Amino acid sequence: MVASILIITDRPAQDSLFPSSLRNLLSKHQTGIMQKATNILIEQQPDALIFDIDTIPETGKNGYMEFYATLRKVAPEAKIVILTSTATSSKAVRLSNNGTPCLTLPTTHDQIITAVHSVINQPDPAFNPISFLAPDVGTGYPTMIKTKSRVMHQMLEKVALVSKTETTVLLTGETGTGKGVIARLIHDSSQRSGESMMSVHCGAIPESLIESELFGHAKGSFTGAIKTKKGKFEQASKGTIFLDEIGTITAATQIKLLQVIQDRTFQPIGSNRTQSTDVRIIAASNNDLGKMAQQGEFRTDLFYRLNIFPVEVPPLRMRKEDISLFIDYFLCQFNAKHGKMIFDLTDEVLECFQQYEWPGNIRELENLLERAYILAQNSYLDATLFPTDLFKLRPSQINPLTCKNNTSHTSIKRLAEIRDEAVRKSEKEYLCTLLSMHNGKIEATAKTAGVSRRQIHKLLTKHNIKKELFKNKAHKVAEDSHQ
């Protein structure tokens, strides 16, 4: 039996649908509807909410997405049913895509009660693995852990199994997919959760310093070693060490890492003293370590030691059903950070996001949203705030197989033309994405792409791209001051 239902509506004619014993009716004509609803939610924590989205404005300071976000925040366990007179409205579609069931008026009392009982007795379609992975870690994880994607469900099931063990884990996947978040989740769900987790971005540390960073050094062991330093393996003892971009470490460091994995011992640079460490290793790479090992670029024995339990984090294009979850999460984060009240995107932008392939994955989505958020003057984000390249080649607007000849007749392009155009387009989009991710820095862009700086400069010339366009003002001012 449902203990309580909160109904938010301004339809007095609908009173007969809701027995007084089950409802607490609100109206937008009452002052402070959001505050009143919030107070009731906090005080009563109802089992279900019937949210009449026609009651709340489309956008604006107190728009429906703000109202919806507030409801989810103060009553995270309550199940929500949408009530609307038009199921195809952008508001209904947006919330339905978020996994919230929708009832269209006219309806009956029995249909409403059935819908409420249905959502209460079913698990949340946006599966949250925190409940069985790390029940004591609270709600500090990004929305990427909450998912409606089948491939993410499968990955998280593997994570749940390996988290309780001491097994070394190798996280693979493209850049920007959230491998660091998954590594943190594994640690916080393990028996070592009470100890520290040390994260090392191997690709960001100069080759001459990586050994010192990992294993420490003795005083005077090299120029600049003015005092003894503890390495991350010593600092992380009893806990977990996360080695991101493991494929970038030097051959000498690979040998030392192999020793740590096999014997749990290491020697700091310049020291004859062998130290032991009790640490769990989680490594990550956006490169194919198996292929690198075959080509002699990575030690084969180290690869096998790291690859005991591989977990591939899927790219965003394989979990597009989660894009709406990310949008809501990031906008809430930006609101807290920047002080605006933006909760929504236009339908055109949402459609474009679903069609886009996201080569930069979640990190690219976050960067695009934040840039648009900063530029926004309204309470929503529209297409004018995003790069025009996102909207130029939409499948519904252009057929890549056809072109116009000089006589204005449509002709079929040759395969070579299609191939060349696709390569040029993908090459340019990929380069622009990397430049955007790295604020126009050529060295970082080349490193991520796995090519030389010279090749990046050639591509910039080929596609007529100016790197300065991808640098934010802070970077530009810093560069100007050094010129």
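## Aromatic rings

Let's start with the rings: searching the whole structure turns up 10 aromatic pairs. Here, rings of Phe, Tyr and Trp (its six-membered ring) pair if their centres lie within 6.5 Å, and the planes count as stacked under 30 degrees apart, edge-to-face over 60 and tilted for the rest. One of the pairs is F326 with F330, a stacked one with 6.2 Å centre to centre and 20° between the planes. Because F326 and F330 sit four residues apart in helix α13, about one helical turn separates them. Both F326 and F330 are buried (buried means under 20% relative accessible area, exposed over 50%, and partly exposed in between, using a 1.4 Å probe and protein chains only).

F326 and F330 also belong to one aromatic cluster together with Y329, F334 and Y373.

## About the model

This is a predicted model, where local features need pLDDT of at least 70 and side-chain atom pairs count only at pLDDT 80 or more, while totals for chains, interfaces and linings use all residues. Residues are numbered from 1 along each chain as its sequence is written, and side-chain values use heavy atoms, with hydrogens and water left out.

## Salt bridges

How many salt bridges does a search of the whole structure find? There are 13, each being a side-chain nitrogen of Lys or Arg within 4 Å of a carboxyl oxygen of Asp or Glu. In one of them, D278 meets R192 at 2.7 Å, N to O. This pair links distant parts of the chain, 86 residues apart: D278 is in the loop between β10 and β11, and R192 is in the loop between α7 and β7. D278 counts as partly exposed because its relative accessibility is 32%, while R192 counts as buried at 9%. Both also take part in a network of salt bridges with E166 and K238.

Another salt bridge joins K229 and E213, with the closest N and O atoms 3.1 Å apart. K229 lies in the loop between α8 and α9 and E213 in helix α8, so the pair ties together parts 16 residues apart in sequence. Then there's K320 with E357, at 3.5 Å, N to O. That pair spans 37 residues, from the loop between β12 and α13 to the loop between α14 and α15. K320 is buried, with a relative accessible area of 14%, but E357 is partly exposed at 44%.

## A strand and a helix

Helices (H or I, at least four residues) and strands (E, at least two) are DSSP runs, numbered from the N terminus. In a regular strand, side chains alternate between the two faces of the sheet. Strand β1 (residues 5–8) is covered on both faces: I5 and I7 are buried on one side, L6 and I8 on the other. β1 pairs with strand β3 (residues 48–52) in the parallel sense over four bridges, where pairing takes at least two DSSP bridges. I5 stands opposite A48 in β3.

Which residues of helix α18 (residues 442–449) are buried? They are I442, T445 and A446. These cover an arc of only 100° around the axis, so they are on the same side of α18; the arc is that of the directions from the helix axis to the C-beta atoms. Just after α18, G450 takes a positive phi of about 75°.
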